Amino acid sequence: MFDFAVFGSLFLTLFVIMDPPGITPIFLALTSGRATKVQRRMAFQAVCVAFGVIAVFGVCGQQILDYLHVSVPALMIAGGLLLLLIALDLLTGKTDEPKQTKDVNVALVPLGMPLLAGPGAIVSVILAVQRADGFSAQVSVWAAILAMHVVLWLTMRYSLVIIRVIKDGGVVLVTRLAGMMLSAIAVQQIINGVLQVVQKA
């Protein structure tokens, strides 16, 4: 029997953490200047990468972290620093350079990971899988993970319509705004990681 309570709880948790509406301007900023077909492919690739990472950590996440002797706070701080570097590029306009536009697949980094499959989402999934007792609870957990990634794909896929409306000037504005939001997310992630380290000390 399907456990709607488990499904709803994890889906809402992932929705808040992965934030489909919030990822839209960042996706538009990182993929601007590319053909629509390429942008659609990158949206699909980003979701596939995120789902792959989440799935791997869902199945054997705690074992991976234990084997590498990596704590969750360390994962959060590292992810935050990586996001901060990307945010600085968005704020300074470096992502507008032709070399980056053509050569870097932002669907993998930073979109797939750590933006979508970030430390928060990974930890939430690890805990949800560990707490899920029985077959129905496990099915509900994985259904919530799959549903969340479908929502993410639809959000990014149809956000491309916005680009055609706001034109190049609007894309530049969105890029700067995305840089500000992403830098705030990155700093908060680093703070959360540091606070967890302090609390455990």
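How far apart in helix α1 are phenylalanine 11 and phenylalanine 15 in helical turns? Being four residues apart, they are separated by about one helical turn.

The model is predicted, with local features needing pLDDT of at least 70 and side-chain atom pairs pLDDT 80 or more, while totals for chains, interfaces and linings use all residues. Residues are numbered from 1 along each chain as its sequence is written, and side-chain values use heavy atoms, without hydrogens and water.

**View A. Aromatic cluster of Phe2, Phe4, Phe7, Phe11 and Phe15, linked by ring pairs.** Rings of Phe, Tyr and Trp (its six-membered ring) pair if their centres lie within 6.5 Å; planes under 30 degrees apart are stacked, over 60 edge-to-face, the rest tilted. The count comes to four aromatic pairs. Among them, phenylalanine 2 and phenylalanine 4 are edge-to-face, at 4.9 Å centre to centre and 65 degrees between the planes. Phenylalanine 11 and phenylalanine 15 are tilted, at 6.3 Å and 35 degrees.

**View B. Helix α7.** Helices are DSSP runs (H or I, at least four residues), numbered from the N terminus. The expected span is 1.5 Å times one less than the number of residues; the 13 residues of α7 should span 18 Å, which agrees with end C-alpha atoms 18 Å apart. Buried residues (under 20% relative accessible area, 1.4 Å probe, protein chains only) in α7 include Pro119, Ala121 and Ile122.

**View C. Arginine 157 and tyrosine 158.** The charged end of arginine 157 sits over the ring of tyrosine 158, 5.0 Å from its centre (the rule: NZ of Lys or CZ of Arg within 6 Å of the ring centre and within 35 degrees of the ring normal).

Methods: Helices (H or I, at least four residues) and strands (E, at least two) are DSSP runs, numbered from the N terminus. Buried means under 20% relative accessible area, exposed over 50%, partly exposed in between (1.4 Å probe, protein chains only).
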